[in-house]
Each structure stands twice: as structure tokens, then as C-alpha cells.
Amino acid sequence: MSLQEIRSQQRGIQRQIQAIDNEEAKVKRSIKQVAKKGDAKNCRMLAKELIRSQRHKERLYTSKAQMNSIIMQLEHQLATLKVAGSLQKSGEVMKLVNQLAKLPEMSQTMQQMSMEMTKAGIMEEMIGDTMDMMDDDDIEEAADEEVNNILFQITDGMLGEAGNVGPALEARPAVEEEEEEDEEEGPELDMMQKPLNTGAQVDTVGLGTWLSKPDEVRKAVKHALENGYRHLDCAYVYCNEDEVGQGIRESGVPRQEIFITSKLWNTHHRKEYVKSAVKASLEALGVDYLDLYLVHWPVSFINSGTPEETPTVPTFDYLIPKKDGKLQIDTVDPLETWRAMEELVEEGYVKAIGLSNYNIEKISNILKHCKIQPSMLQVELHPALLQTELVEFCHKHQIGVTAYSPLGNNVYGEARVVDDPVIVSIAEKLGKSPAQVCISFAAQRGIVVIPKSVTPSRINENFQDFILDQQDFDAIAALGTRNTRYNDPGAKDWNVEIF
Ligand SMILES: NC(=O)c1ccc[n+]([C@@H]2O[C@H](COP(=O)([O-])OP(=O)(O)OC[C@H]3O[C@@H](n4cnc5c(N)ncnc54)[C@H](OP(=O)(O)O)[C@@H]3O)[C@@H](O)[C@H]2O)c1
């Protein structure tokens with residue numbers, strides 16, 4: 001079994017986990033409903049179902065972690081082997097070859113593991129499996145202990161309203177303490193997916209959708225989804241969310257398998273515009289929720305229309321409002337916008353919220369006053385712009401980081417990072433493309449990365465990451481001293497200081 005196959009199986013496990021998550025969310029909603037009605041019997045039955053599913057999910061997580069560790073080891077060994085080979089250190093090569101000889105053994109284990117996981121299927125089948133594995137007494141015993149916890153936790157006091165419908169609820173077990181411990185640990189980073197601080201997972205490599213000719217994005221999205229991508233980066237200002245939506249539908253990939261990000265444009269920062277803005281993006285994309293919604297820029301523009309007049313797909317004049325040739329800048333308290341973003345989560349329009357193009361000071365202001373913490377910061381990041389302090393700050397505060405323009409896309413006409421001689425020579429040495437080197441560099445920094453392409457072969461090429469050895473990693477990082485920011489419309493077009 002090849003490394004690629006192992007990784008694709010790992011992705012399969014993640015999808016199963018996601019399917020279980022979705023089912024669990026439904027079961028939780030049902031429990032709330034029956035708890036409200038005072039139906040203790042059904043409440044208990046559903047809670048047991050939830051316990052079984054959670055146990056099964058734990059097993060899948062364990063398998064996924066084991067696979068991940070094997071992938072990391074193999075990638076590391078292969079990378080080292082290549083370097084050793086190129087240096088013609090035959091002794092070292094032999095040592096590594098001997099280690100790699102264990103690969104078939106590992107593959108067998110992986111195959112067994114994978115068969116077990118494939119068996120798992122979705123909820124009903126999964127419950128069946130789990131029932132077979134656990135005897136009834138075990139379930140009863142565990143359920144007695146856990147039903148109270150789960151009911152108390154998920155009904156959040158509603159049982160009080162409904163009357164004493166469930167088992168005794170006095171002992172609220174250490175749910176809160178456990179949650180606190182989890183929070184302290186922060187998101188665990190790996191090369192395949194990153195967990196958000198909401199518990200959701202996002203694929204490390206997603207597809208960017210900015211700047212394309214009509215109909216290109218539709219085809220690109222369809223192609224990407226058909227070839228394994230499950231993460232799309234969109235924005236209202238890209239004026240193509242309708243095409244992205246078409247591409248999603250044409251791919252046939254179910255909505256719940258895809259992580260979709262969109263962004264609130266600068267004309268929608270006042271609280272009365274935020275909901276209309278997200279509704280416009282949802283309508284254009286043809287979906288009923290977003291996985292992540294970001295405040296696109298820390299700069300507000302005046303919106304001369306009403307919220308109801310928000311177009312689904314905007315025109316340039318609507319996006320960049322000018323009077324007598326002058327851009328109409330507005331002054332909106334970022335906390336007003338953030339509060340309205342929080343309401344979108346509370347009302348189910350979006351699952352997580354975040355920021356884009358914010359610096360440490362601006363993020364700190366949000367962190368100080370927020371009810372819901374940002375889950376993601378999206379900023380320009382590539383080998384020539386490392387923003388190390390900002391990345392570390394975010395990771396310390398459990399905010400994920402996404403690299404935009406990871407290939408150093410240069411809209412203002414300077415040389416791109418993928419054309420840099422250092423990147424090109426490392427790529428040649430490793431038999432990779434310069435884009436793959438840049439993408440892997442970002443992923444290896446624990447960063448989500450959203451290269452844009454409308455070219456099918458490049459879309460495939462970009463959907464790969466690999467481990468760079470320390471020497472190559474350091475040589476690439478050394479380009480960071482250039483501190484080249486390619487995308488600064490504040491300085492270049494809007495006449496406002498952003499960074
Ligand atoms: N939050 C923000 O303010 C913000 C700002 C900028 C971008 N973004 C997001 O980040 C995404 C990526 O950034 P970006 O579009 O600026 O730049 P990018 O991904 O760094 O570069 C895109 C450019 O690189 C080319 N390209 C793609 N794959 C390639 C490969 N394997 N080899 C050589 N060239 C390749 C693309 O051409 P083809 O398409 O012709 O293949 C395109 O011209 C955007 O699409 C958008 O979703 C967000």
C-alpha cells in the first residue's frame with residue numbers, strides 16, 4: 001500500500017468521524033426535544049445511542065492517530081533517504097533501507113485497520129458493530145453512569161423546566177473541568193487536517209477561488225472536489241460565489257463533506273448589514289450554512305444602500321463605493337461587527353467565525369471583548385512573508401492560521417515566490433514542483449493553506465504536502481527576511497494603513 005493510499009484512507013476515517021458528528025448533532029437535538037416533552041424513557045434511550053456513538057468515534061480517532069504517526073515516520077524516513085542518497089552516504093542509506101523493509105509489515109496492519117474502519121459505515125451500522133463488541137451489561141452500566149452527565153450537559157438546565165424527566169441529576173460530574181483541560185491543550189496540529197477551537201476539522205490544503213475568468217471557478221471547484229479537495233475558500237468580493245456553488249453541485253460531493261469559508265466585505269461591517277451579507281453569500285453558494293465566516297479586512301466602507309438591497313453577486317461599484325472619485329471610508333467599531341458575527345453563529349448561519357488581515361493589536365481587541373473567540377486568522381503568508389510573531393500569537397490563543405497567496409501570487413506585477421531560485425532549486429532537488437514546496441512549507445509550519453488554481457493539473461499538484469528536511473526548511477525560511485507583502489490594497493488602492 002502506498003503512502004498516498006494510506007493518506008487517502010486516513011481521509012476516509014475523518015469523513016466517517018464527520019458523519020458521526022453530524023448524526024450526533026441530530027441525536028442531541030432529539031434529546032433536547034424529548035427532554036422538553038418530559039419523555040424520560042426516550043430521552044434515556046437516545047442518550048445511550050449517543051454514548052455508543054461517542055465510544056465508536058474514540059476508536060476511529062485512535063486509529064487515525066496511529067495512521068498519522070505511521071505516515072509521519074514514513075515521510076520522514078523517505079525524505080531522509082533521499083537526502084542521504086543524494087549525498088551518497090551508502091552506510092546511512094543501508095540503515096534506512098533496513099528500516100523501510102518493515103514497510104510491508106506496517107502496510108498489513110494498515111490494511112487490517114482499514115478493513116475494520118470500512119466496516120464501520122454510518123450510524124445504524126456503526127451502532128450495530130458497537131453493540132456486538134460491547135455486551136449489554138457493559139452498556140447498561142456505562143449508560144447509568146453517563147446518561148445523567150450527558151442529559152445534564154446537553155439539556156443545559158432544560159430538564160429543570162421540563163420537570164424531573166430523567167435519572168437523578170444532582171451530581172453534575174466533572175464535565176466542566178474536563179472541558180477546561182481540553183481548552184488548555186490547544187489545537188493539535190498535523191499535516192492532514194487542523195482542528196478548529198470549535199472542535200471542527202479543516203483540511204490543511206484548500207482551494208482558493210480569487211481572480212478568475214467567468215466559468216473558470218465552476219470548473220475548478222468541480223475538478224477539485226472530484227479529486228479529493230474538501231475545503232473551499234470563497235468571498236463575497238470575489239463576485240463568483242454563484243459559480244462556486246454550481247461547481248459544488250456538479251461535483252456531487254455532499255455539502256456536509258465540504259468545509260466552506262466565506263468573508264464579510266467592507267461595505268457590510270455595520271451590524272444591520274452583517275446578516276444580509278451572509279445571506280447573500282449563502283444564496284449565491286446555494287448552501288444553508290458556512291463552516292467559517294471571516295471579517296475580510298479591518299477597513300469599513302460606506303454602504304449607501306439598505307441591507308435588503310444587498311446583491312447576491314455584487315458589482316465592482318457596490319464593493320468599492322466612491323464619491324467624486326474618492327473611496328467612501330466608514331468608521332465602524334470592529335466590536336460592533338464582531339458582535340453581529342457572533343449572532344450568526346448563535347442563529348446557525350455559520351459554524352465558526354474569524355478574521356482576515358488583522359494584526360496582533362486588532363486581534364487582541366477582539367479577544368478582550370468577544371463572547372465567541374475567533375477560530376481562524378487568514379493572512380498573506382509564504383516563504384517571503386513569514387509573520388512568525390503573528391502566527392505564534394494566534395496559535396497561543398487557539399486561533400488557527402490560514403495562509404493566503406501561499407505561492408506568492410503577485411497581483412501588482414513583481415516576481416512570484418514560486419519563481420524564486422531557492423524554491424526552484426529545492427523543488428528540482430526533491431523532484432517536486434515549486435508550488436508543492438511552498439504548500440508543504442506552510443503546512444509544516446502548522447498553517448492551513450489555500451492555493452488558488454483554475455488549471456486542473458495544478459489543482460491536483462497543489463493537493464499534496466510532504467515533509468521538508470530541516471536544511472531545506474531553513475533555506476526556505478531564510479527568504480522570510482525579505483518581508484515582501486504582495487497584497488496590500490490599503491496602501492496601494494484605498495489609502496489606509498492596515499498592517
Ligand atoms: N483574505 C484575503 O484578504 C485574501 C487575499 C488574497 C487571497 N485570498 C485567498 O487565498 C487564495 C490564494 O491566494 P492567491 O489567489 O492570491 O494566490 P496563490 O494561490 O498564491 O497563487 C495563485 C496563482 O498561482 C498560480 N498557480 C497555482 N498553482 C500553481 C502551480 N502549481 N504552479 C505554478 N503556478 C500556480 C495560479 O494560476 P492558475 O489559476 O492559472 O493555475 C494563480 O495565478 C485566493 O484565491 C483566495 O481564496 C484571500
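An open sheet is built from eight strands, ordered β3-β4-β5-β6-β11-β12-β13-β14, with parallel pairing. Because β3 (207-208) and β14 (448-449) stand at the edges and each has a single partner strand, one side of each has no neighbour in the sheet. Strands here are DSSP runs of E with at least two residues, helices are runs of H or I with at least four residues, and both are numbered from the N terminus. Two strands pair if DSSP finds at least two bridges between them.

The model is predicted: local features need pLDDT of at least 70 and side-chain atom pairs count only at pLDDT 80 or more, while totals for chains, interfaces and linings use all residues. Residues are numbered from 1 along each chain as its sequence is written.

Leu 207 has Leu 232 in β4 as its bridge partner.

The ligand is surrounded by 28 residues, the closest being Gly 208, Leu 407, Asn 409, Ala 435 and Lys 452; a residue is near the ligand if its C-beta atom, placed from the backbone, lies within 6 Å of it. Helix α18 (residues 456-462) gives the largest share of this shell, three residues.

Glu 241 lies in helix α10 (residues 241-251). Glu 241 counts as buried because it has 28 C-beta neighbours inside 10 Å, where the cut-off for buried is 20 or more other C-beta atoms within 10 Å, with C-beta atoms placed from the backbone. Between Glu 241 and Val 217, 24 residues apart in sequence, the C-alpha to C-alpha distance is 8.9 Å.

How values were computed
A residue is buried if 20 or more other C-beta atoms lie within 10 Å of its own, exposed if 12 or fewer, and partly exposed in between; C-beta atoms are placed from the backbone.
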